[in-house]
Amino acid sequence: IKNKFTVSYDVCSLFTNLPLNETLDLAVDLIFEKHKNLKITKIELRELFVFCTSKTNFLFNGTVYDQIDGCAMGSPIAPILANVFLGYYEKIWLNEYDEREGGGAGPLFYRRYVDDVFAVFDNQDQATRFLEFLNSKHENIKFTMEKSENGILNFLDVKVNNNDLFLTSVYHKHTFTGLLMNFRRFVPVDYKKRLVLTLTDRVYKINNTWKGFHNDIKTLGHYLSRNLFPKRFFETNIKKFLNHKFSDNKKDEEIKSEIRYFRLPYIGRKSTEAKY
């Protein structure tokens, strides 16, 4: 897909525009297709879905409302139902478009994460025609398109550079402030180590070149220093991450014994001692 035209499509307000009755029918059919011996009927399962969606209520300006269609923003079940709906229809739409265009004019590459789609075409005209096709398929579902500029497209947390080489690196929106956990915050030091390791792992997984990894690690170090993380602390944990990643003698991380967790307040050194 090097030097091809990259775009991203985004569904407008997917959760709240989800056709609920249609989606619940799809979800129930899919569950029973995969699990034929459930000790519950389709009617009962659908009613449980209804309790989790259209029979929830919310308060606005002193008035209680039921959400009769769509899914509430922040609902744990909303991404799952959205994925069921789009996953079902996108297969149909992609096949239909391929047959209609006679092959070759559809996306060369197509991947979706919930309501965000990354696609590759031969040219911009093909991408625009595909957008028009998608927006004609369902009255509730409308897509917008973001085109690559000079071969560069920002998709979710990834900057995709599709010029001479296909390069990926970390992308931050313009609203990103760099505000992280402050190093002087009264929390276990393990939390601070894990923050560095987690952000380093993110940089490692997003970048597909060591040069990009190096540049994004320098940027990460800048953000951490603004949050008062000592340079030595940051670099030590970077080294620990890379040593673990490329070690030939990784410890078996599978723990076979039963683990039980107890939530306790953090009170400083005594909490660290109690952990062991």
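Phe143 is in contact with Tyr9, Asp10, Val11, Trp93, Leu131, Leu134 and Asn135, leaving aside its neighbours within four places in sequence. These contacts belong to a predicted model. Phe143 is also among the residues with the most contacts inside the largest nonpolar core, which has 39 residues.

**Nonpolar cores**

- Besides Phe143, the residues with the most contacts inside the largest core are Tyr9, Leu14, Phe49, Leu81 and Phe130.
- Several elements each supply at least two residues of this core: strand 1 (5-11), helix 1 (14-17), helix 2 (20-34), helix 3 (42-52), helix 4 (78-101), strand 5 (116-121) and helix 5 (124-134).
- Helix 4 gives the largest share of the core, with 9 residues.
- A second, separate core consists of 17 residues, including Phe183, Val196, Phe213 and Leu220.

**Aromatic pairs**

- Across the whole structure, a search finds 23 aromatic pairs.
- One of them joins Tyr9 and Phe121, whose ring centres are 6.4 Å apart; their planes stand at 80°, so the pair is classed as edge-to-face.
- This pair links distant parts of the chain, because Tyr9 lies in strand 1 and Phe121 in strand 5, 112 residues apart.
- Tyr9 and Phe121 are both buried.
- Phe186 and Tyr266 form another pair, with ring centres 5.0 Å apart; here the planes are at 50°, so the pair is tilted.
- Phe186 and Tyr266 also link distant parts of the chain, being 80 residues apart. Phe186 is in the loop between strand 9 (166-170) and helix 6 (189-206), while Tyr266 is in the loop between helix 8 (231-245) and helix 9 (269-275).
- Phe186 counts as exposed, because its relative accessibility is 58%, whereas Tyr266, at 27%, counts as partly exposed.
- Tyr9 and Phe121 also belong to one aromatic cluster together with Tyr97, Phe130 and Phe133.

**Charges over rings**

- The side chain of Lys55 lies over the face of Phe51, at 4.9 Å from the ring centre.
- Phe183, already named as a member of the second core, has the charged end of Lys192 over its ring, 4.8 Å from the centre.

**Cysteines**

- A search of the whole structure finds 0 disulfides.
- Cys12 is in no disulfide, and the nearest cysteine sulfur, that of Cys71, is 17 Å away. A disulfide would require the two sulfur atoms to be within 2.5 Å.
- Cys12 has a relative accessibility of 30% and therefore counts as partly exposed.
- Cys71 is likewise in no disulfide; the nearest cysteine sulfur to Cys71 belongs to Cys52, 9.9 Å away.
- Cys71 is buried, with a relative accessible area of 2%.

**Residues with a positive phi**

- Asn150 has a positive phi of about 55°, although it is not a glycine.
- Asn150 is placed in the loop between strand 6 (143-147) and strand 7 (152-155). With a relative accessible area of 70%, Asn150 is exposed.
- Leu156, which is not a glycine, has a positive phi of about 55°.
- The loop between strand 7 and strand 8 (158-162) contains Leu156. Its relative accessible area is 37%, so Leu156 is partly exposed.

Notes
Residues numbered from 1 in each chain as written. Heavy atoms only, no water. Buried < 20%, exposed > 50% of the residue type's maximum accessible area, 1.4 Å probe, protein only. Core = buried A, V, L, I, M, F, W, Y, C linked by side-chain atoms within 4.5 Å. Helix = DSSP H or I, 4+ residues; strand = E, 2+ residues; numbered from the N terminus. Contact = heavy atoms within 4.5 Å. Phe/Tyr/Trp six-rings, centres within 6.5 Å; stacked < 30°, edge-to-face > 60°. Lys NZ or Arg CZ within 6 Å of the ring centre and 35° of its normal.
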